[in-house]
Amino acid sequence: SSPEEVEDASEPTKRDRSHLENTLKLNEEKPADDVSGVLQRLRKIYHSSIKPLEHSYRYNELRQHEITDGEITSKPMVLFLGPWSVGKSSMINYLLGLDNTPYQLYTGAEPTTSEFTVIMHGPKLKTIEGIVMAADSARSFSPLEKFGQNFLEKLIGIEVPHKLLERVTFVDTPGIIENRKQQERGYPFNDVCQWFIDRADLIFVVFDPTKLDVGLELEMLFRQLKGRESQIRIILNKADSLATQELMRVYGALFWSLAPLINVTEPPRVYVSSFWPHDYHPETHRDLFLKEEISLLEDLNQVIENRMENKIAFIRQHAIRVRIHALLVDRYLQTYKDKMTFFSDGELVFRDIVEDPDRFFIFKSILAKTNVSKFDLPNREAYKDFFGINPITSFKLLSQQCSYMGGCFLEKIEKAITRELPDLLGSIGLGKKPNVLSCDVTGCSETPKNRYRKP
């Protein structure tokens, strides 16, 4: 027997992985269903109907968010958050079966991960520097450049040839260490977390029984998760390290400390298990832990299967915000033009409007427009900054942004929101057979050949 096998004999017994393969459908031959068509249409709608308005009203300066083609075609992203040393990296190693391979993520009792690690699919194992990832516009990470050089040195990509990664990308984050100052990290940690949170399809917040104290850093993190409750899954990891009674106490304590941080009517789903390859501790609830793990895997699979729907919904949400921004700038400009006389000082007139938009019913008048929710209105303060950089006179009214051939910008974005994107959504719903994974899941769009067909 080879030296590796001898070494294995002394190790604790490994758990059977068949439920992983089955739930995540890693061994199925996939039908060559084609989503590249849907993705092409989505890109076309974005470029022709949403982007012109985005550029014309410099939306990216308000939200710092322009959607790149890499983002339109990117795979679903699963984000791992939580205190240090709760088993985030071990969980990724386990899900991908990387233990004892050269690919495994480094784990240990000390805070080990100081980087944001993106684990994605590639033909062979390789590590990619953050600087290279951000420079590649075909990837969805180019916007991370704005967090600066210090951050890019803490960003690392690992490509692994694994079937699951053909359909999903994992992001491991530095553990939260309470009483650690933001400045010590040398880059805006919370802003970076927010960037990943905004784009994650599923967010695993991992705890272990020994680290339940909720301090300021964790509180801050939950504040950033507001509005993303449906994507959050709480994981109480290392559950087999406790006796039953103790585990129940810890479970109660976890809920108790998280309750003030998550104020939604429905509590988030909590999974209690031990996510690593070793067998469960004897005399613990093996059946419960296994069932919990399978539920979590089903959750993950669901996100993969709904990839296209989520992507279209994401672009539509973006379009709604761009439209509201355009309506607002248009309204500010119209008010400015109405107030200007031959003798007035433009600077003063506009300062008046920006200081107190309510006096001129700027935000109110937008709500009167069709289907704008008051919850989607941006913050008024943001417009003071926005117009500080972009003088009002550098914009055109919406009514002037029409061309004989191309139609009007506003009409085009409204058509995309009310008709084109919902139609696109409908078209993928019809073609879907239950339990048959289509390419929207596997991301075969990125290479035309079917990766699952044996050569």
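This report describes the cysteines and the nonpolar cores of a predicted model.

## The disulfide and the cysteines

The structure contains 1 disulfide, which links Cys402 to Cys408 with an S to S distance of 2.0 Å. The angle about the S-S bond is 110°, and the link between Cys402 and Cys408 is right-handed.

The two partners fall into separate accessibility classes: Cys402 has 34% relative accessibility and therefore counts as partly exposed, whereas Cys408, at 19% relative accessibility, counts as buried, the cut-off for buried being under 20%. Cys193 also counts as buried, because its relative accessibility is 1%.

## The largest nonpolar core

The largest nonpolar core comprises 50 residues, and the members with the most contacts inside it are Ile315, Tyr332, Phe350, Ile353, Tyr383, Phe387 and Ile413. At least two residues of this core are supplied by each of the helices α3 (36–56), α4 (59–63), α14 (307–339), α15 (346–355), α16 (362–367), α17 (380–389) and α18 (409–431). The largest share comes from α14, which provides 14 residues of this core.

Ile413, one of the residues with the most contacts inside the core, can be followed through its individual neighbours. When residues up to four places away in sequence are not counted, Ile413 touches Ser49, Ile50 and Leu53, and also Ala319, Val322 and Arg323.

Key: Residues are numbered from 1 along each chain as its sequence is written. This is a predicted model: local features need pLDDT of at least 70, side-chain atom pairs count only at pLDDT 80 or more; totals for chains, interfaces and linings use all residues. Side-chain values use heavy atoms; hydrogens and water are left out. A disulfide is a pair of cysteine sulfur atoms within 2.5 Å. Buried means under 20% relative accessible area, exposed over 50%, partly exposed in between (1.4 Å probe, protein chains only). A nonpolar core is a set of buried Ala, Val, Leu, Ile, Met, Phe, Trp, Tyr and Cys residues joined through side-chain atoms within 4.5 Å. Helices (H or I, at least four residues) and strands (E, at least two) are DSSP runs, numbered from the N terminus. Contact means heavy atoms within 4.5 Å.
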